[in-house]
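Please look at the sequence and the structure shown here before reading the report.

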Amino acid sequence: MGTRFELVIAAGSNASRSPRDLRAAGEAAIEEIEEWHRRLTRFAPDSLVSHINRTAAKEAVRLDEDTWGLVLDALQVWRDSRGAFDITVAPLMPQRGFADSAVPASGASVGSGGLVLDPAARTIRFGAGRVSVDLGGIAKGHAIDCAAAVLRRHGVGHAFLHGGTSSGCAIGRAPDGRPWRVALDPAGTNVLDLADEAYALSDPGSQTTPAGAAHIVDPRSCMGVADRLNNPAGRSVVSGPSARVADAWSTALTVLGVVPPAFPQTYTARWISP
Amino acid sequence: MIKPPHGRRTFLTHTMGALTGVALWPSPAAVWPTLQGAPVRIGLIGAGRQGRAILTELQKTPQVEVAAVCDVLGGRVESARARAQSAELFTDHRALLEKRADISAVIVATPTHHHRAIVEDVIAAGRHVFCESPLASTIDDCQALVARATGVKTVCHAGFQGRSNPTYRRAQTLVRTELRDLVSLGGQWHRKTTWRVPATTGELDRAANWRLDAEVSTGLAGEVGAQQFDVAHWLRGRYPVRVTGRGAIRLHKDGRTVPDTIELDLVWDDDVVMRYQATLANSNGGQVEVVHGINGSLRLAWTHGWLFKEADAPEQGWEVYATRQPVLNQEGIVLIANATQLAEQGQLQEGAGLPHPPLYYALMDFLKSVAENAPVACSFAEGARASTVGILANQAITTGRAVEIPALA
């Protein structure tokens, strides 16, 4: 996922587990993240995403329960944000100077309406017109959710994990009993206090090509968000139960610049000035 | 001058015909295997991390239905259901075999020291079996499984993946045609991890961490090395005759006795040596095998492979079509089967690795044996030989003495 994941497990606050067991649980969580990276990257030809992009135009592809849930969440955010978040944006990335997928996406069209899901068979298929799936806007949050589930399953009650600082999850509280505190800017002016909660931050200026093209694209206009003359909101931060939903919504809000009526009530949105 | 339409290789393919490209690389069937015949109903025994990886790969093949999953731990088998929607769940493999007579093939992915008992039950029940590598943790168990598989009409496949890997199959022919006389072999498996897993509810720590239990574990040599030693046996067509080695605990001083770092020399009867390193204390370089010949070298990294030619080696006609990549300050010829055609079809960027993980190809070989009567890619006899080399390599480490490897039938 092109970023560094870090994990803190508070040994003293997880008294029922020995430090040796907690380290093993931490390694299991990191392995979970590595596995999801291998499955969801569009840059490796042997990933699940590459398999979908090669196959789904010809035949339906079966998905496991976790990936199925991931796709459902992605499409829910696509609908609720009226297309501001879209997992079919891959064709736009090489046009903007970013690397193409292992299964080349150039020539494909953009629009999650081109995805056909069969809930009974739990399959995904590409409908009329060629599309290409890119889960990069939600994969990091999904991996964090899965890793947090691994930690909880192994009895870890106090931990914090993040991917590249822009997505993360707090399990329980910090060792001092207070919520885990996340500074949202270098000065620590804006902070998030989290206990059993996830967050995601979206910053259109965080990744750019040498030519200055931003990695967040408005799927509706095919324009980069930072290319717009006035990005009224700057960075968006979403917190709530799931890191993957927060991840998708933080991207959508950065594109939209406002919180739409369909934004889920169990999540909180805030803005940080550029 | 006519300008090539897309690039030099594309131009050559177009103007000189695809036949040369086809002759150069194995057919797409090797890279994109398909399954003919009736659907295969599968049972999986062992739903740990490897079992879940197997379910992920099986899901790609529409003709496969995972009808049952078994694990002694109920929590683990429940979590496996996420990757096998319609599977019936069991905590006793004998119950699975008795109740689900409709299951024709069983995959065994339990801890190694449980393989023998379970696989014998599967064979006795008349089912096809894929046993994860290594085949067993003792030489007696290896031989018992070979004896049990002898003469049965069902498929008995040992899960040594190198033999099914299209890139490695391509490499096998190049060992003969390009490298010529062998100079040496090498291999490494580097991964920084404790190799410890957290016990799940109802599980004893010792059972969960069987790889760190010297009474049942064959250590890094047996559990991961055997898979790579088998690549060397298979590429060479012969087995080593002697092994020396040493092991140490370099990082994980947590009371374990199984070394976290090993070094081995496997010696063949022509004095060619494979030097092998494995460690849980450093991740640099990952998993790789190298083969050095007088005319060139092969570097094999499971989903990728490269050929490096010596400057004085004769240039072959097919090299015109080859994809090249910089690897470790050298230019390597990429061993990706049918790369030109795949790139032409827009299915694969040039120079990329295999479109599926190596495990997928091993499972597809097994399924093709079951559904299409295809030859078994790795028999129990071959799996037992490879496992025995791993067991004896571990013995060389634990005793500190050279161990002779008997001629393996």
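## Chain A

This is a predicted model. In it, chain A has six helices and 13 strands. The radius of gyration of chain A is 19 Å, close to the 19 Å that the globule rule gives for 274 residues, so chain A is as compact as a globular protein of that length. The C-alpha trace of chain A spans about 55 × 45 × 35 Å along its principal axes.

Of the 274 residues in chain A, 50% are buried. Taking the contacts in chain A between residues at least 6 apart in sequence, 64% join residues at least 24 apart.

## Where the chains touch

The contact between the chains brings together 23 residues of chain A and 24 residues of chain B. On the chain B side, these residues comprise eleven polar, nine nonpolar and four charged.

## Two domains in chain B

The domain assignment of chain B gives domain 1 (31-161) and domain 2 (163-355 + 381-404). The centres of these two domains of chain B, taken over C-alpha atoms, are separated by 25 Å. Their contact takes 21 residues from domain 1 of chain B and 29 residues from domain 2 of chain B.

On the side of domain 1 that touches domain 2 in chain B, the elements giving two or more residues are α5 (74-80) and α8 (139-149) of chain B. α8(B) gives the most to this side, with five residues. By residue type, this side of domain 1 of chain B divides into twelve nonpolar, eight polar and one charged.

Methods:
Residues are numbered from 1 along each chain as its sequence is written. Chains are lettered from A and ligands numbered from 1 in the order in which they are written. This is a predicted model: local features need pLDDT of at least 70, side-chain atom pairs count only at pLDDT 80 or more; totals for chains, interfaces and linings use all residues. Helices (H or I, at least four residues) and strands (E, at least two) are DSSP runs, numbered from the N terminus. The radius of gyration is taken over C-alpha atoms; the globule rule is 2.2 Å times the number of residues to the power 0.38. A residue is buried if 20 or more other C-beta atoms lie within 10 Å of its own, exposed if 12 or fewer, and partly exposed in between; C-beta atoms are placed from the backbone. Two residues are in contact if their C-beta atoms, placed from the backbone, lie within 7 Å. Ala, Val, Leu, Ile, Met, Phe, Trp, Tyr, Cys and Pro count as nonpolar, Asp, Glu, Lys and Arg as charged, and the others, Gly among them, as polar. Domain bounds come from an automatic or database domain assignment.
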